[in-house]
Amino acid sequence: MAFAVPCVKYCYLVIIVKKLLKFFKGYGKESILGPLFKLFEATLELIVPLIIASVIDKGIDGGDKTHIINMCLLLVLLGVVGLGFSVTAQFFAAKASVGFITKTKAALFSHIQTLSYSDIDELGTSGLITRLTSDATRVQTGVNLTLRLLLRSPFVVFGAMIMAFTIDASAGADFAVVIPLLSIVVFGIMLISMPLHKKTQTMVDTLLRKTRENLSGVRVVRAFGKEEDEVRDYVSINGELTRGHRHVGAISALMNPLTYIIINFGILALIYVGALKVDSGNLTQGEVIALYNYMSQILIELIKMSNLIITITKALASASRISAVLDTKTSQTFGEREEQGNGEYSVELSGAALKYRRAAENSVEGVSFKAKRGDVVGIIGGTGSGKSSLVSLIPRFYDATEGEVKLFGHNATEYTKGALEKMIGVVPQGAVLFAGTIRENMQFGNKSASDEEINEALRAAQALGVAEDKGGLDARVEAGGKNFSGGQRQRLTIARALVKKPQILILDDSASALDFATDAALRRALREMDGETTLFVVSQRAASVMHADTIIVLDDGQVVGQGRHDELLDSCPVYREIFDSQFKKEDVR
């Protein structure tokens, strides 16, 4: 009963991991040849004790020097051939394991791209990174060692026992007792340590999340002088992970001493019985040495097996975590409509609300408005009022938990994912650029965009001068755009969205780092763009939205005002308060 629960967990884990076997497709030959050549090597290894016995009994005891030389040459030949088998097996095992994990990581990364924002929030960014890196590496190592040793070690163990029985049946009985005891120890420790390895890998997620937060927010940490607090938190989390590793390591560390104790008692019994049989003339000295060598081979292989089991245990725990992500179905479903509709309004929200998973209440609720083609819609409100949550409903980053979102006369859920991406351009709050060149970044949403189209978008986004100062479209961009200022990154991300020429463009507080003159020039250029692009401007600045066709005022997730600038100054206290706080008593109506 003690092992009942671990056994059930292990069987369930094996079933989960089976789902990853499809990634071995194309590497079947390598997966067979790798273990096969290891078995060839093991077969040669099992012959060696018999040759040693022959050297002792016929060569040394019989005084036959020619036999000794011949047997030594045979040992050298077996060593060379065995080395060739081993290298060949390693080549095939490495090729299969690397190919397998390459396919697995590609499928995992591709699957993550299909998940909704809510799904990614649920799984956690740090957890997904751990699965793509640490977990994948563990699985690769486990697969490599499995192909090389999983069949070889048991083959040598049972082969040595069979060879011992061929030498002397009663001495072979000693092997028959030792091997089951060793198996109980090895597999018992494996079943106990497997869930503990999975738990420690979860702690790695927590540590990675803390590390990412500190590296991305290092300026904030230093600005508030919180270095010591952050170091203390990191040390605490790292200490918990260390204790977890020590606990599972202490259990795994029992493997070697226990196996050594069992195997050495077996060797003592073997030598004692062998000595008596040599005295009685039933065994030769060479045969006793051969039996001892077979027992030593069993010891070596079981040590390898125990280490392999620990590695496989970690790999299985990591494989189950990867499999769990692959089994996660996206919470979003898309329709089949490829082309946009011909409705009078480009965007319509009717009683729309959004509640994040595990949140206590709605972030926004009861939002209803209509925007025509070519309209400029301003969204304003205080921090945490739900501005970003509201505009995230339009491209379906998050689905409305209540109400309806229509695009060009059709429910947003009727469109394919590609259709939504084509018709909607989004510039998020955090300006993100990718490592490469300015041209590559600009073509992120439109790979066929010409230099002329890119320059036109840069000009509208007030970023053409930025590109020219850096050396043109071939200027290098570091990861995250670290070689650009905050305002430059914002202008470049706006230009990247404009290159797509979307029918709906959402600027989610994406001009916060711009000065008022640049912001005004940007708004003027966006209004003068060709086509009938519906523009959503999310901002905390009244100046950024005051010329919009419609302004939506949010407060604590509720729409408290909707209309034009002059109307809201008279009818919406929240808007008037924001306006007065920024312009004070200046008459800018």
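1. Arg-396 is buried, at a relative accessible area of 5% (buried means under 20%, exposed over 50%, partly exposed in between, with a 1.4 Å probe and protein chains only). Arg-396 sits in the loop between helix 12 (387-391) and strand 4 (402-407); helices (H or I, at least four residues) and strands (E, at least two) are DSSP runs, numbered from the N terminus. Its phi is near 65°, a positive value in a residue other than glycine.

2. Basis of the values. The model is predicted, so local features need pLDDT of at least 70 and side-chain atom pairs count only at pLDDT 80 or more, while totals for chains, interfaces and linings use all residues. Residues are numbered from 1 along each chain as its sequence is written, and side-chain values use heavy atoms, with hydrogens and water left out.

3. Confidence. The chain averages a pLDDT of 84, and 95% of the residues score at least 70; pLDDT is the predictor's confidence in each residue, from 0 to 100. Among the elements of the chain, helix 3 has the highest mean pLDDT (92) and helix 1 (residues 4-17) the lowest (51). Over residues 1-6 pLDDT stays under 50, and the model has four contacts beyond four places in sequence for them (contact means heavy atoms within 4.5 Å). Where pLDDT is low, the predicted coordinates should not be read in detail.

4. Arg-358 is not a glycine, yet has a positive phi of about 65°. Most residues other than glycine have a negative phi. Arg-358 is found in the loop between strand 1 (345-354) and strand 2 (364-372). Its relative accessibility is 77%, so Arg-358 counts as exposed, whereas Arg-396 is buried.

5. Helix 10 against helix 11. Helix 10 (residues 255-280) and helix 11 (residues 285-327) pack at an angle of about 170°, with axes 10 Å apart. Axes are lines fitted to C-alpha atoms, for helices over the stretch in contact, and angles run from 0 to 180 degrees between N-to-C directions. Helix 10 is therefore roughly antiparallel to helix 11 (under 35 degrees counts as roughly parallel, over 145 as roughly antiparallel, 65 to 115 as roughly perpendicular and the rest as oblique). Residues making the contact include Tyr-260, Ile-263 and Leu-270 of helix 10 and Leu-291, Met-295 and Ile-303 of helix 11. The contact residues divide into 15 nonpolar, six polar and no charged; Ala, Val, Leu, Ile, Met, Phe, Trp, Tyr, Cys and Pro count as nonpolar, Asp, Glu, Lys and Arg as charged, and the others, Gly among them, as polar.

6. Helix 9 against helix 10. The axes of helix 9 (residues 227-253) and helix 10 come within 5 Å and cross at roughly 10°, so the two helices are roughly parallel to each other. Ile-251, Ser-252 and Ala-253 of helix 9 and Met-255, Asn-256 and Pro-257 of helix 10 make the contact. These residues divide into four nonpolar, two polar and no charged.

7. Helix 6. The 16 residues of helix 6 (residues 152-167) reach 22 Å from first C-alpha to last, close to the 22 Å expected at 1.5 Å a residue (the expected span is 1.5 Å times one less than the number of residues). Among its buried residues are Arg-152, Val-156, Gly-159 and Met-163.

8. Two single residues. Ser-118 is in helix 4 (residues 117-123) and counts as buried at 15% relative accessibility. Beyond its neighbours within four places in sequence, Ser-118 is in contact with Arg-357 and Tyr-398. Gly-84 lies in helix 3 (residues 65-114) and counts as partly exposed at 33% relative accessibility.
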